[in-house]
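The stops below are given in the order in which to select them.

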Amino acid sequence: MQMKEHKPLIVAFCCNWCSYAGADLAGNNRLNYPAEVKVIRVPCSCRVNPMFVLRAFQRGADGVIICGCHPGDCHYVSGNYYTRRRMAMLFSMLDYLGIEKERTRIEWVSAAEGAKFAATMNDFVETVAKLGENKRLEDLRCK
Amino acid sequence: MQVITREQLIEKAVSLLAANTVSCVLGWSRGEFDYDVSPAVFRSEEEVRRNFVWNDFCGANMSKYLISKASGVDGKILVFLKPCDTYSFNQLLTEHKFDREKVYVVAVPCDGMADFRLIKKVCGEGIISIDSEDAILKVKTLYSDSPISVPLTDVLAERCKNCKSKKHVAYDELLGEDGNVLESGRFDEVKKLEAMTAEERFEFWQNELSRCIRCNACRDVCPACTCEKCVFNNPSSGVENKAAANSFEEKLFHIIRAFHVAGRCTDCGECSRVCPQNIPLHLLNRKFIKDINEFYGEYQAGEEIGLRAPLTDYTTEDIEPCEIFHRRDTDA
Ligand code: SF4
Ligand code: SF4
Ligand code: FES
């Protein structure tokens, strides 16, 4: 029997002002990125509570990526600086608990970087696909 | 054996009560057994003389109780603090959790506290009494004819073996002599884990965390966990107690609990002390402390009042999350 190819589910938290617009631009320019990337718009990257990341994994995500304005460009002045510290801590902790570190990522994507958005997502999907399904942070009740 | 004796502490408490410097005393009280000492408020000389204890089992950190106990008192409340407790005390003041003016702190030097679980490992169950002479514990049990001698150093609690400081960072009055900040091996275990493969780490934590019964004792005792409304009390969160599913909940609970206190945790070790399942929670907290030290500069929560916690701060030059792993991979 042939195994069905596993398509990774990716949750991408994108800040409204830069990365979400970047995703739009990628679309307008007809750049391809996999449909398995589910974009969730947040007002600012720092809106992403560590709980969101864990929840995404719980509900079946295989990888979580957070995209925000480049450092210095946050539309709420310093939000992404806090995001950077918080997520550095969280990702490091997840790695410490043995959750594959390739499943989490942060990327700064501006509104003008449609091509970077598409490239980032393609690369991330490919990386996560290699790891296969998220087993270490799953919740059977949500399957 | 502690350098300062129970009698000395009782006399101190009684004299402060008599002089009306304080109106009540927060300290350790006798429990059912010699080793289950618990926090209590004493309101009179008689209560102090009857139930106050100070022995090798006074691990409980009194600072958190000030949040609920300091506000209602007439005048001041006396609290006895060990060196590690004073860090929590400062951290709580930094977070404006109680009024410093309501508290009279007597600092007590500490020779390290015993972990009764380790004593049980040596002496077995059925402990009737534990006396200490010098640095030797004399343990009487139901099943041994004569008392079993155990050196205190053999049964020290983990946090005391790796004590970070014998120095008090806050007090109104000091009994005996103050110690120093120590070089401790408290990150050794964390480093060992870091050196493992992700697979091994996962196994390790799966084994530890799956024992969790979600009693929430670690959160309740934590001097950094002082939210009036805790996420883990929210019945619609789906993670407010243990469910008979797979282990996601324990992981979520432990990651979030440790994350919420990251940068504010003083490493007092109370969480690991109270865990009925003996889960090494300090290894989670210390991972955050170690990371913070490495990435954002050495930081000890509670060292001074008013320090800004690293996760409520930033610099424009902070390390990128991907850099952390890159750095580690190239170091390895
Ligand atoms: S676990 Fe988090 S929300 Fe709950 S009391 Fe502790 S810090 Fe507050
Ligand atoms: S004290 Fe131990 S068993 Fe209780 S919730 Fe905390 S880790 Fe779980
Ligand atoms: S507004 Fe884009 S990261 Fe803050």
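Is Asp267(B) buried or exposed? This is a predicted model, and in it Asp267(B) has a relative accessibility of 8%. Asp267(B) counts as buried because that value lies under the 20% cut-off. To find the residue, go to the loop of chain B between H10 and helix H11 (270–274). Check the backbone there: phi of Asp267(B) is near 65°, a positive value in a residue other than glycine.

Next, select Arg30(A). Arg30(A) sits in the chain A loop that connects helix H1 (19–28) to strand S2 (37–42). Its phi is also positive, about 55°, although Arg30(A) is not a glycine. Arg30(A) is exposed, with a relative accessible area of 74%.

Return to chain B and select Ser237(B), which lies in the loop between helix H9 (217–221) and helix H10 (248–260). Ser237(B) is buried, at 11% relative accessible area. Show its surroundings: once neighbours within four places in sequence are set aside, Ser237(B) is in contact with Arg55(A) and Val231(B). Ser237(B) and Leu174(B) are 45 Å apart in space and 63 residues apart in sequence.

Finally, colour chain B by domain. The assignment gives domain 1 as 6–113 + 165–174, domain 2 as 117–151 and domain 3 as 188–331. Taken over C-alpha atoms, the centres of domain 2 and domain 3 of chain B are separated by 34 Å.

Methods
Residues are numbered from 1 along each chain as its sequence is written. Chains are lettered from A and ligands numbered from 1 in the order in which they are written. This is a predicted model: local features need pLDDT of at least 70, side-chain atom pairs count only at pLDDT 80 or more; totals for chains, interfaces and linings use all residues. Side-chain values use heavy atoms; hydrogens and water are left out. Helices (H or I, at least four residues) and strands (E, at least two) are DSSP runs, numbered from the N terminus. Buried means under 20% relative accessible area, exposed over 50%, partly exposed in between (1.4 Å probe, protein chains only). Contact means heavy atoms within 4.5 Å. Domain bounds come from an automatic or database domain assignment.
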